[in-house]
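Reader: Hi! Could you walk me through this one, starting with how you define the terms?

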Amino acid sequence: MAVYKRTYHAYNGPLTPHRGRFLVISRYCARQMFESRIFSGAVVFSYLPFLIFAGLIYLLNSPMAQGLLKVQGAPPFAIDNQFFMKFLQGMGYFALILCAYAAPGLVSMDMANNALPLYLSRPLSRIEYVLGKALPVAAVLSAVTWVPGVLLYLMQASMAGGGWGWKHLDIVGAILAGSALWIAFLTLVSLAVSSWVRWRIIATAAIVAFFFVPAAFGTAVTLILRTPWGELLNFPYLNTLIWYRLFGLEAPYWSRFPNVPLPAAWLTFLGLSAMALWMLHERIRAREVVRG
């Protein structure tokens with residue numbers, strides 16, 4: 001039959017349930033991320049600190065291991081809030097590297113190929129599109145932050161005994177809250193930057209520069225003007241400052257000046273997150289306006 005003699009009509013077949021429709025995007029994004037051997041290898045390598053900290057927990061709780069290694073005297077450190085804080089701080093940098101490598105290609109390629117109209121012409125909202133792109137990134141970052149942190153906590157609780165786990169439940173809350181803050185911030189910033197930069201390499205460089213260039217400038221302002229307020233541009237510093245308070249620890253002074261007030265650190269994170277949401281709102285559209 002000739003094409004012009006066919007009668008075309010809208011698709012009336014089965015549809016993916018509305019609540020889980022964005023998971024289709026997430027599934028293909030996850031597949032796209034792990035197609036890269038470099039990314040897969042980086043995820044595996046990021047568990048090296050977990051193995052080291054797990055070995056330390058086993059050593060400090062096993063008299064047999066201490067005997068084999070001929071460890072004598074009091075242990076050089078304790079398994080406490082500071083121990084888990086240091087672990088989460090190190091894994092936070094791995095999360096930053098993984099996010100900078102994986103997240104830009106999830107949105108920038110759609111922008112470069114004008115694929116947004118194809119997505120949004122389906123029964124899919126802009127919020128669902130962003131959720132579909134953000135979920136695999138958040139899942140990977142979770143796998144290298146709070147998941148191994150909670151596993152270390154459970155390992156210590158089971159080996160220490162004596163109700164150690166119940167006495168230190170605040171550690172679990174700090175791990176979950178601190179990881180959620182960093183994961184949400186990294187995901188929003190990376191997706192927002194990649195939505196405005198069409199080339200993946202440049203988007204990756206922009207994300208890395210966003211975290212390290214202002215930090216260097218802020219440190220210079222702090223030293224030249226002799227004021228701690230320059231550190232508001234040092235986002236890893238602000239995140240660490242918040243983490244110390246979540247773990248119930250007193251943050252050490254990283255310079256000769258007092259630390260930035262904690263409310264200012266929170267307001268900076270919330271303001272930047274709101275700005276990232278605004279950038280996504282402006283760019284994730286079903287059409288593109290060309291001005292000439």
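Author: Happy to: helices (H or I, at least four residues) and strands (E, at least two) are DSSP runs, numbered from the N terminus. Read along the sequence, the protein chain goes α-α-α-α-α-α-α-α-α-α-α-α-α-α. This is a predicted model, where local features need pLDDT of at least 70, side-chain atom pairs count only at pLDDT 80 or more, and totals for chains, interfaces and linings use all residues. Residues are numbered from 1 along each chain as its sequence is written, and side-chain values use heavy atoms, with hydrogens and water left out.

Reader: How many helices and strands are there in the protein chain?
Author: The protein chain has 14 helices and 0 strands.

Reader: And what share of the residues counts as buried?
Author: 42% of the 292 residues. Buried means under 20% relative accessible area, exposed over 50%, and partly exposed in between (1.4 Å probe, protein chains only).

Reader: Nice. Which residues have the most contacts inside the largest nonpolar core?
Author: Phe 84, Trp 182, Phe 211 and Phe 247, in a core of 76 residues. Helix α11 gives the largest share of this core, 14 residues. A nonpolar core here is a set of buried Ala, Val, Leu, Ile, Met, Phe, Trp, Tyr and Cys residues joined through side-chain atoms within 4.5 Å.

Reader: What is Phe 211 in contact with?
Author: Leaving aside neighbours within four places in sequence, Phe 211 is in contact with Leu 96, Trp 182, Phe 185, Leu 186, Val 189, Phe 235 and Pro 236. Contact means heavy atoms within 4.5 Å.

Reader: Switching to Ser 194: buried or exposed?
Author: Ser 194 counts as buried because its relative accessible area is 0%. This serine lies in helix α11 (residues 169-196). A polar atom of the Ser 194 side chain lies 3.0 Å from the backbone oxygen of Ser 190. Beyond four places in sequence, the contacts of Ser 194 include Ala 103, Met 111 and Ala 203.

Reader: How about Pro 214, where does that lie?
Author: In helix α12 (residues 200-225). Pro 214 and Leu 233 are 19 residues apart in sequence and 5.2 Å apart in space, C-alpha to C-alpha. Not counting residues up to four places away in sequence, Pro 214 touches Ala 209, Leu 233 and Phe 235.

Reader: Last one: why does Leu 51 count as exposed?
Author: Because its relative accessibility is 56%. Leu 51 lies in helix α3.

Terms used:
A polar contact is a pair of N or O atoms within 3.5 Å; within protein, one must be able to donate a hydrogen and the other to accept it, and residues adjacent in sequence count only if both atoms are side-chain atoms.
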